[in-house]
Amino acid sequence: MTGNHKDKSITRRRALAVTGGTVAAGGLAAAGYQAAFADTATATAEEATTASASASQSSGCMTLMSSVTEGPYYLDGALVRKDITEGKSGVPLTLRLTVVDATDGCTPVKGAAVEIWHCDAWGYYSGYTTANPGGSAPAESEDGSTADDDTYLRGYQIAGANGVVKFETIFPGWYTPRTCHIHLKVHTGGQKEDGTYEGGKVNYTGQLFFDDTIAEEIFTLEPYSKHSGSYTTLDDDMVYDGGGASSGLLTLEAVHKKDPSKGYKGFLTVAVDPDAENTGAGSGGGGTPPGDAPSGAPGGTPSASASS
């Protein structure tokens, strides 16, 4: 359904990614980010919401997060940056994740490096832009953004003394046969080097999930609505096990209750064992595209620049 695509402006795209530059693609993203990210007056309220959510999730101390597969779309070398959008259009999403030590009274894990990656509004992952997302969707090359085909919607943030990391991204789309989700890993013991995170070990591999009602409302909006087909709900997903927050279900707060296009804020306390080491081969399948996916699909080889 999609052909091999390599944008002639890839050098310029790479420069934008490395320097952390982001070009808003359309009024939706621009207006949404102003509402979701630029209002410093809401910072205190947001922190209070996070604290409340964390407290409700950890009576005394919450259980360890359920570890699941890293899936077929992982790539090494993601950049350390707060904003991972690179101009990809979609409903703005602020993620505020708090990493705590489940073996030590849920104390914050200072220096934990949280890595996330997810698909764009049409179900495409950077590094695998020719992989068919299922249903009917435009080719990834038609999105009009300046995003680097090998790095968009991937990144690290390193937790401070409070264990908190914050990302600015967009609400993910979906691909067959998975529900809407974001992948994440928690690393410790490494350090920032050459714009990425090197060394240490992976303590936890998991996925973040979204309430079906909210996701399905988002998918009626542009640009998501250009991807049609059968969406997998949480109950039918091969990875989500119904465990709520301990299984990665985000607490979501609308920036504007009557206008979902303004964006959402997502909160979760991620309880890990900093002494553990995780291989990324947890429970649940990662989900592969339909059988007619081109050679760039997971299970094959990502683009040369992505694997370098």
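This is a predicted model: local features need pLDDT of at least 70, side-chain atom pairs count only at pLDDT 80 or more; totals for chains, interfaces and linings use all residues.
Local features are reported at pLDDT of at least 70 and side-chain atom pairs only at pLDDT 80 or more, while totals for chains, interfaces and linings use all residues. Residues are numbered from 1 along each chain as its sequence is written, and side-chain values use heavy atoms, with hydrogens and water left out.

Most peptide bonds are trans, and most residues other than glycine have a negative phi. The peptide bond from Thr-176 to Pro-177 is cis, its omega lying near 5 degrees. Pro-177 belongs to the loop that runs between strand E5 (164-170) and strand E6 (181-193). Helices (H or I, at least four residues) and strands (E, at least two) are DSSP runs, numbered from the N terminus. A cis bond also joins Glu-222 to Pro-223, with omega near 0 degrees. Here the proline, Pro-223, sits in the loop between helix H4 (212-218) and strand E8 (251-254).

The discussion now turns to phi. Glu-86, a residue other than glycine, has a positive phi near 55 degrees. Its place is in the loop between helix H3 (43-57) and strand E1 (92-101). Glu-86 is buried, at a relative accessible area of 3%; buried denotes under 20% relative accessible area, exposed over 50%, and partly exposed in between (1.4 Å probe, protein chains only).

Cys-106 likewise has a positive phi, near 60 degrees, and is a residue other than glycine. Cys-106 lies in the loop between E1 and strand E2 (107-108). With 15% relative accessibility, Cys-106 counts as buried.
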